[in-house]
Amino acid sequence: MPNVTTSVEDADLRVLGIETSCDETAAAVVAGDRRILAERLLSQLAEHQPYGGIVPEIAARAHLDHLDRLIEEAMAEAGLGFADLHGVAATGGPGLIGGLMVGMTMAKAIAAVHGLPLLAVNHLEGHALSARLTDGTAFPYLLLLVSGGHCQLVIVEAVGRYRRLGTTIDDAIGECFDKAAKMLGLGYPGGPAVERAAADGDAARFALPRPLKGRPGCDFSFSGLKTAVRHTIEALPPGRLSHQDVADLCASFQAAVADSLEDRCGNAIKIFRDRHPEANSLVVAGGVAANGYLRTRLSRLAKASGLDLVAPPQALCTDNAAMIAWAGIERLRAGLTDELDFAAKPRWPLGAAELES
Amino acid sequence: MERGHAEALIPMVTRVMAEAGLRYAQLDRIAVTVGPGAFTGLRIGLAAARGLAIAAGIPVSGVTTLEALAHGADAGLRSGRPVLAVIDAKRADVYAQLFDPGLRPLSQPQSLLPDELPATLADPGRPMLLVGDGASRAAPALIAAGLELEVASESQTPDPAVVAMLAAGRTDADQRSAVPLYLRPPQATRPAHGGRLRP
C-alpha cells in the first residue's frame, strides 16, 4: 500500500473524486484549501424518466459509458496530470452496486498506475462533510441528511466519528416526494415538481398526518404520509385532477413533511446541545435540502434554537463528486486509506446507531 | 469466478505487472474482453481497462469473449475444422458465434436458445469444434439436427494471454473500441400512465 503523503502541505493536496452510486456520473478535483479545481457531472435523468424511477441496469451501463471521459475532462480542466494527484477517492457505498463497482474499479486502476492512495468514501460521509468544503464548518455539528435514499440525524464529531441519533424506519424522504409526484402525474424526480406545484397551493386544505410528531426520539417515518396522499387522491371527485387540487395537495404534503422534520430535528437539537453546548451549527445536506420551503422552515427552527443553519449550495447538496473528493482529502489527512481489494457495499450505515427504538 | 471480480482484479493486475517487471508506462496498449458475458463482470473488466488506459495514457482495445475462445482453442485440436464458440448466458439462452477454420467469423455474436442454433448458424458442411462453457448446452441440439461436432473440454473460458495477443495485432486501438457487447437490452418495464393515479 502506498504511504500517505505527509510531506505535502495540507493546502496543496489534490484529490480526484468519483461518484457513481446512483444516477449521476461525476468526477471532480478538489484541493486541500477547499477549492474545487474542476467538476464534471452527467445526469442520467432522461434515461430513467420513462420508468418513473431509477433502473439499476440502465444506470450501471451509463456510468461505464461516460465515466472515463468525465475524469479526463475534469483532470484537463484542473490542469493536472494523474501523477500530480495525492489520492483517488470514489464512493464505495451505499448505493446501486453496479454503479459503485464501475466507479470504484476505475478509481483503483488509476491509483494502481500511479501508486496513489485509494480512498473509499461512504456516500453519506461525503454529504456529511460537504459543509466543511463549502463553509469550513467546524466540528462538532448536527447534520440532517435528507435525500432520495436517506433520512438521518447525525452528530458529526470528527472525520470517521458519526453518532446517529435517528433514521427513517420506512421510506426515505425523497422517495416519498417521488411517490407523491408520481401519483399526481408530476413526473420524476418528484422533489422539484412538488415544490413548484405547492407554490400556488393551500397547505391547510388537506389534513395529512405528521408522522411521529410529538413522540420521543429522532426517528422518521414517511410511508403513512405516502399512503395518506394516495387516499386523498382517491377520495377526490372522479376525473382528472384540477390544477388547484394538485397544488393544494402538494402544499399540504410539503407542510406535513416540514412539521414532521421540524419536530424530529427539535428533539435532536436538544440532545446535541446537551452534549455539545459550545457547538452552533445545524447542517442540512442531501438532495431534499434543495427544497426552498423546507430550508426556510429549518432555518427558522435553527434560529429559534440558537444555531446557524448551514446548507451547501444546491449543486453540492445533490449527488456530486466534489464532496467525495473532499471527504477523500479529509480521510487522507486522517490517514484513513483503503486497499485495492476494497469491496463496494450496497448497504453501509454511517456510524453507530444511538437512541434508535 | 462467479463473484469477487471487483475485489480481485486490480490487485491481480499489480501482481502480474510486478511479475513481468514492467511499469505501466512501458505498455503499448490495454486489452479487455467486451463480452458477451455476465453484465457486471464485463463492466468491472472494462472499467479497470479504461481506468488503466487513461491513467497510463495508452489506448485500450476490446476483444470479444467469443473470438478469444475460438482463438484459444488448441491448433492441433482444431485441425482445419470450423469452430463454434458458445458461452452459457446463465439464463435460457447461450451466446454463440461460428468461425471458419481460419477463424474468420461466419456469424455475428448472438444470443440464442440452444434449440435455435442449428437453424440460425449456416451449416459449415464439416465437423465442428465446440469451445466455451456453453458447449455442453449447445451440443445436444446440434447433434439432434445431424451436425457432426466435438466438444473441446479444455477451452472453457477466455485466456487473457489470447486476449492480449489478439489486441496486439489490432491497428484500430482506441477507447471507443472497448465498448461493452451486452446483446440484451436492460430489463425494465414502464409503469402504466407513468404511475399516475388519475390518467
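The largest cavity is lined by A:Ala258, A:Leu261, A:Glu262, A:Leu294, A:Arg297 and A:Leu298. Two elements of chain A, helix H8 (243–275) and helix H9 (292–304), each give two or more residues to this lining. By residue class, the lining comprises 4 nonpolar and 2 charged residues, with no polar ones. The space within the largest cavity is about 30 Å³, and the count of cavities of 30 Å³ or more comes to 1. The model is a predicted one, and the values below are computed from it.

### Domain arrangement

Chain A is divided into domain 1, which covers 14–134 + 318–353, and domain 2, which covers 141–311. In chain B, the division is into domain 1 (5–64 + 159–184) and domain 2 (66–151). The table sets out the domain pair of each chain.

| Domain pair | Separation of C-alpha centres | Residues in contact | Area buried | Share from carbon and sulfur atoms |
|---|---|---|---|---|
| Domain 1 and domain 2 of chain A | 27 Å | 26 residues of domain 1 with 19 residues of domain 2 | about 1,800 Å² | 66% |
| Domain 1 and domain 2 of chain B | 25 Å | 13 residues of domain 1 with 14 residues of domain 2 | about 1,100 Å² | 58% |

The size of an interface is often given as the accessible area lost when the parts come together. For chain A, the area buried between domain 1 and domain 2 is about 1,800 Å², and carbon and sulfur atoms give 66% of this area. For chain B, the corresponding area between domain 1 and domain 2 is about 1,100 Å², with 58% from carbon and sulfur atoms.

### Cis peptide bonds

A cis peptide bond is found in each of the following pairs. In chain A, A:Phe139 and A:Pro140 are joined by a cis peptide bond with omega of about -10 degrees. A:Pro140 belongs to the loop between helix H4 (123–134) and strand S6 (141–146) of chain A. In chain B, a cis peptide bond links B:Gly35 to B:Pro36, and omega there is about 0 degrees. B:Pro36 is placed in the loop between strand S1 (30–35) and helix H2 (39–56) of chain B.

### Positive phi values

A:Leu212, a residue other than glycine, has a positive phi near 65 degrees. The loop that holds A:Leu212 runs between helix H6 (190–198) and helix H7 (223–235) of chain A. A:Leu212 counts as buried because its relative accessibility is 17%, under the 20% cut-off.

B:Ser79 is likewise a residue other than glycine with a positive phi, here near 30 degrees. B:Ser79 occupies the loop between helix H4 (75–78) and strand S3 (83–88) of chain B. With a relative accessible area of 51%, B:Ser79 is exposed, since exposed means over 50%.

### A buried aspartate in chain B

B:Asp100 is situated in the loop between strand S4 (94–99) and strand S5 (110–112) of chain B. Its relative accessible area is 14%, so B:Asp100 is buried. Apart from its neighbours within four places in sequence, B:Asp100 is in contact with B:Pro82 and B:Leu106.

Notes:
Residues are numbered from 1 along each chain as its sequence is written. Chains are lettered from A and ligands numbered from 1 in the order in which they are written. This is a predicted model: local features need pLDDT of at least 70, side-chain atom pairs count only at pLDDT 80 or more; totals for chains, interfaces and linings use all residues. Side-chain values use heavy atoms; hydrogens and water are left out. On a 1 Å grid over the protein atoms alone, a cavity is a set of points where a 1.4 Å probe fits but cannot get out, and a pocket is an open set with protein on both sides within 12 Å along at least five of seven lines; lining residues have an atom within 4 Å of a point. Grid points are joined across faces, edges and corners, and a volume is the space filled by probe spheres set on the points. Helices (H or I, at least four residues) and strands (E, at least two) are DSSP runs, numbered from the N terminus. Ala, Val, Leu, Ile, Met, Phe, Trp, Tyr, Cys and Pro count as nonpolar, Asp, Glu, Lys and Arg as charged, and the others, Gly among them, as polar. Buried means under 20% relative accessible area, exposed over 50%, partly exposed in between (1.4 Å probe, protein chains only). Domain bounds come from an automatic or database domain assignment. Contact means heavy atoms within 4.5 Å. Buried area is the accessible area (1.4 Å probe) that two parts lose on being put together, summed over both.
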